[in-house]
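Welcome! Take a moment to turn the model around on your screen, and then read through the points alongside it.

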Amino acid sequence: MEKVPMTRQNSDGIDDFLDGPADFADLMFGFMDGSNGSDEQILGDFVGGEDEDEGQIKRRRIFWETQEQLLQATLFQTTSLESRIRRATKEALRELHTVGVQCGCRRPVAGDCRKCIQRELSVRLQSLGFNCYICKSKWKSSTEIPPGEHTYLEVLDKSNPKKGDVRVVIELNFRAEFEMARANDDYNKLIAMLSELFVGKTERLKAVIKILCVAAKKCMKEKKMHLAPWRKHKYMQAKWLGTYERTTPTPLPVGTPDRPQKPKASLLTFDLRQGLPVMHYTAVEVVW
Ligand SMILES: [Zn+2]
């Protein structure tokens, strides 16, 4: 495996910060955990003494503006390692779009096949020298969340022995995972800040998930609606941050007799506004 050099750029400060002993997400969001009082209590103290209605409106405004700022800051600070993997991923997806992906599943799913795109993408990133794996997380039901499983990619960077292994998650359908049909405008504004493709270190992913899950909870509370169990913070954490199995895929043999050739399908289209790939298939969701 070709060694991937780590370029040192001005994002190293953040890199060191994210890799430091202190937990980034917890540092930043510990105040929302409820251990130090709920976010609303804290915000309530902040604007205390107001007329009740006015205070409530102000508190609400502060909550959503804070989420927006936190998400912005978390998404847009990026390390050179993450940028490199993101660039390579976008480039590989563009190529896959051009040549098409052969679905090798015995029972192909309706529409485009996330599984086969993930495999091809992983093979391509490996050929570029990245330690890219397919990860399958699986979790049991608990009092709070139902069981489920999820598949995504990761790149394990070992180029800096001092830092140890750095794990960068690649999720092809990130935005879709958080979209809610009956969300309010404030929540949708957060979702609009996400691109469909997420490439980021686990610390960053952890922080982003927390912001979005806190926002989803608040949104549903405001609408007096029940938050679906698969939208809960614990469930989202289990998807990408819980226990998982890692496999290295091999390229699919082309023209194997029992796998008839299918016409090449164009699997990806491009969102020209952002120049980011948009996948037109839905994420695998667990049906209750
Ligand atoms: Zn397939």
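What follows is a short tour, from the whole chain down to single residues.

This is a predicted model, in which local features need pLDDT of at least 70 and side-chain atom pairs count only at pLDDT 80 or more, while totals for chains, interfaces and linings use all residues. Residues are numbered from 1 along each chain as its sequence is written, and side-chain values use heavy atoms, with hydrogens and water left out.

**The whole protein**

- The protein holds 10 helices and 7 strands; helices (H or I, at least four residues) and strands (E, at least two) are DSSP runs, numbered from the N terminus.
- Of its 288 residues, 48% count as buried, where buried means under 20% relative accessible area, exposed means over 50%, and partly exposed lies in between (1.4 Å probe, protein chains only).
- Among contacts with a separation of 6 or more, 70% join residues 24 or more positions apart; a contact means heavy atoms within 4.5 Å.
- The accessible surface of the protein is about 15,500 Å², and carbon and sulfur atoms own 54% of that; such areas come from the Shrake-Rupley method with a 1.4 Å probe, and for residues only the protein chains shown count as cover.

**Helix 5**

- Helix 5 covers residues 80–99, and its 20 residues should span 28 Å at 1.5 Å a residue, which agrees with the 29 Å between its end C-alpha atoms. The expected span is 1.5 Å times one less than the number of residues.
- Buried residues in helix 5 include L81, I85, A88, A92 and L96.
- An α-helix has 3.6 residues a turn, so residues three or four places apart point the same way.
- After helix 5 comes G100, with a positive phi near 85°.

**Strand 1 and its partners**

- Strand 1 (residues 132–139) is largely enclosed by the rest of the structure, because 6 of its 8 residues are buried.
- With strand 2 (residues 148–157), strand 1 pairs in the antiparallel sense over 8 bridges; two strands pair if DSSP finds at least two bridges between them. In this pairing, K136 stands opposite T151 of strand 2.
- Strand 5 (residues 244–247) also runs antiparallel to strand 1, joined by 4 bridges, and there T247 is the bridge partner of I134.

**The zinc site**

- Which protein donors hold the zinc ion? They are the SG atoms of C103, C105, C113 and C116, at 2.2 to 2.4 Å from the ion. Donors are N, O and S atoms within 2.8 Å of the metal (3.2 Å for Na, K and Ca), and water is not among the atoms, so sites may look incomplete.
- Along the chain, these donors follow the spacing C-x1-C-x7-C-x2-C.
- The arrangement is tetrahedral because the 4 donor atoms subtend angles of 99 to 118°; four donors count as tetrahedral if all angles lie between 85 and 135 degrees.
- C105 counts as buried at 17% relative accessibility, and C113 does so at 7%.

- Y187 sits in helix 8 (residues 185–192) and is buried, with a relative accessible area of 1%.
- Not counting residues up to four places away in sequence, Y187 touches W64, F178, M180, L212, A215, A216 and C219.
- Y187 and M220 lie 33 residues apart in sequence and 9.7 Å apart in space, C-alpha to C-alpha.
- K224 lies in the loop between helix 9 (202–222) and helix 10 (233–241). Is K224 buried or exposed? K224 is exposed, with a relative accessible area of 77%.
- K224 has a positive phi of about 55°, although K224 is not a glycine.

Technical notes
Tetrahedral: all angles 85-135°; square planar, octahedral: opposite > 155°, others 65-115°.
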